[in-house]
Amino acid sequence: MYKKQLGWVLAVGATIVIAACSEKTEAGQGCPLLCPQTAVTLADTTIEASVVSDTTVTGLPPIGNETYTMLASHGDTLDTRVIIRYDTIQQTYSKSNIDSTIVKIDTAQLVAPLVLADSLRRPTVPVTIEAYNVDTTATDTVSSILATLFRPNRLIGSKTFAPESLKDTLRIPISTDTVLDRVKNGTRLRVGLRVVSAKSVDLRFGSSQSATPITLRIKASLDTAATAVSVSPLSQTPKDQSFLSGPLADYTIVVKGSSGNVPTILGVGGVPSRRVFMRFNVPSKIIDSTTVVRASLLLTQVPNRRLSPKESVFVYPLAVLAGPAVTDVASSLQFLGATGQFGLDSLSLAPGDSGVRSFEIVGLVRTWKGQPTTVSPRTIALRSGAEGSLPAEIDFFSTRAALAAVRPRLRITFVPQTSYGIP
Amino acid sequence: MMTRRTNRRARGWATRSRMLVVVPALAVPAFIAGAQSNLSSQGFGFPAGQFSTRAHGTGGAIAEMDPFSPVNPATIGAFNSRILFFQMEPEYRSVSTATGTERTTTARYPVVFGAMPVGNNVVMSLSASSLLDRTSTTSFNTTQIINGGQSVPMTTTFRINGGIEDVRLAAAWTPQPWLRVGAGLHGITGNNLVTVTQSFADSTQFAAFTQQRVLGYHGTAGSLGVQLLTSQVVASASGRLGGSLRLSSEDTLLATANVPSQFGASIAYVGIANTAISVRTSHENWSALGGLGTQGLVGVDAWDTSVGGDFAGPKIGDRIVYLRTGYRHRTLPFQASTHTVTENSFSAGTGTSFANGRVLTDLALIRASRSADLPATEHAWTLSFGISVRP
């Protein structure tokens, strides 16, 4: 009897306990009438001397590491070529599951996956893509040497495309004799592409870095049962240095129109592509002792009307992941965080525009809190979203600009330490 | 003073129960610091009353003579065996203003109590009760002016958990059958976990943030009580003398004040078997807490008066079912928008024993109306359930 009664009481008690545990405390309609106002402050500060160093580094990403290769022609302003190396070419083909040695070639063509630009950037006039044999024993990554190899006696193929035919993949026939010679002798084939057009043109192709390179397609037999041979780019030079030779399977060279470096200007993108490195000095009383709610890197854009002034590209602020042990800025700029990491957002900018641009970097600045600069350097990089694939170049005034008002600065909005919570 | 992010629970076991800066910084109001959005838990919080469920059933009228209410230390002399008591008390509150009515639910565990006789007519007890409960969450939208005419809409949420507790070690002596005297030592403790979250409509430029801060309370007090018992009347009186009270954050002392002193007295007619009809009044100088808060905080010295009865009702088997009712009027400790808040409440309750008297259960229902000279009213239903066990 005693235990039974105790059981009932405990059961009822437990039910009420559980019911009593649920809470809903959210309210706010009574404000401000019932909410005593105690002002705390949100402070807004612009620190002009916050950028202690900034620099532009040309040639990033390094040659061969571009996600896309860029074939461009802008008259006398810009001329870029694409080099593809096929240092090993298959010597057999398959027919009805039987391998046969290639002794003749019916067709040989370059299959180039075209990365479609938006409709504003597409060519409006026919473009001709010429393929040249650019194999040489000379230093073959130097554009001045390679440019001399684009001559008529080395032309191995060309094709003119109507604007409407520039869709997803271009097929450029090349000399079957040249290819057969390489196949039979087991030697390498290195092709240089050049674009010719009556108007300025920019074409982007996939590269080995994006796993969609320009391949060599060989049809060794007219028999429909014969499988075409597809040869992917491969570089075997420099010898025994795979970390260097690998990326050189395909790359872009600038024959004419390299972007110049001016100390008063920070350049993002362009040809060869460039990145910007910036180092900040933000007082620890702000970083460590407050809560930052907004951090805007304010840069004044300088109009650059040399190339595609109206074609917008994205400029990304990125975290520099290299620590202070990496003192070479160019090396640091190769260790960057992913786009969007720390909530860093891009800006779409046209090279020909001007004005103050605000990059919101609060997510990155917050990571500096409580961290010494030896662990979390106060640095940031700017990179073009079309680096290596479009010539657009976005320029900003640097800290060396004559006019102080246009130099980079950092605007920080923060919540100071307050004695909140005391009624 | 440093704020910090922490997941540490601020509620204890009884807490819920109861360079070159070239542009000068532009200061603008950003958020509020103590928003409760109701009438009852302004300032340092709502006084749950330190009443047992049984006392609540009578509107608090028998609190001075109720041994389960940690008010009068002399009352524990009534215990002739070891006993444990626990109480839970959810409150369902609605606040009506010109902008509408909001409903909230707050869970409280306002009294935990244990007592045991130690011989020579002396009984000792240890209890923890809620002195002020500050638990609340307030969200509101404002537009922040940053500079140069720039503004951003934002939402601020203030979440406050915890309160100030009264931990009492008490002893009572019964030298004569008609006299009980008692004394208590009080440790005033507890904390508020204050969480401020602010988010912005423009999330591309502004990043939301959360700050947390723990406000700790530490103080002391002493109390004395007396009961005179006759066959017809029980007269009780008690007083608590507040010592110093410190408010700190982390290891930084923010402010000092005094624990509110309190005295109360009641007289009850007990001429009917198992029945008590009582009237009680008490006074508490909450203004002593004023120095603990900001300049705008106004503590109000408050009277708390009630009348009620605890009646022997019908018998079920061999157990008596008690029926209780009462009315209470009191002033709440802190003003809302410079206006004093008063509370009127009606209560009803019941209680009985189980397991050969080893288990006592009580249930009370309280309907409270709170008002001030403001276009806002507050109503609350409070369900109180108490259980005591004699091991």
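Predicted model: local features only at pLDDT ≥ 70, side-chain atom pairs only at ≥ 80, totals over all residues.
User: Why is Asn120(B) called exposed?

Analyst: Happy to walk through that one. Asn120(B) has 8 C-beta neighbours inside 10 Å. The cut-off for exposed is 12 or fewer, so Asn120(B) counts as exposed. Its place is in the loop between strand 4 (111-119) and strand 5 (122-133) of chain B.

User: And what makes Ser337(B) partly exposed?

Analyst: Ser337(B) has 18 other C-beta atoms within 10 Å. Buried needs 20 or more, and exposed needs 12 or fewer. The value for Ser337(B) falls in between, so this residue is partly exposed. You will find Ser337(B) in the loop between strand 15 and strand 16 of chain B.

User: What makes the phi of Asn120(B) worth a remark?

Analyst: Phi of Asn120(B) is near 55 degrees, a positive value in a residue other than glycine. Most residues other than glycine have a negative phi. Ser337(B) also has a positive phi, near 50 degrees.

User: How do you know that strand 15 and strand 16 of chain B pair?

Analyst: Good question! Pairing takes at least two bridges, and 10 bridges join strand 15 (residues 319-331) to strand 16 (residues 342-354) of chain B, so these antiparallel strands count as paired. Within this pairing, Tyr322(B) stands opposite Gly351(B).

User: Why is the bond between Leu60(A) and Pro61(A) called cis?

Analyst: Look at omega: the value for this bond is about 0 degrees, and the bond is cis. Most peptide bonds are trans. The bond from Thr237(A) to Pro238(A) is cis too, with omega near -5 degrees.

Terms used
Residues numbered from 1 in each chain as written. Chains lettered and ligands numbered in written order. Helix = DSSP H or I, 4+ residues; strand = E, 2+ residues; numbered from the N terminus.
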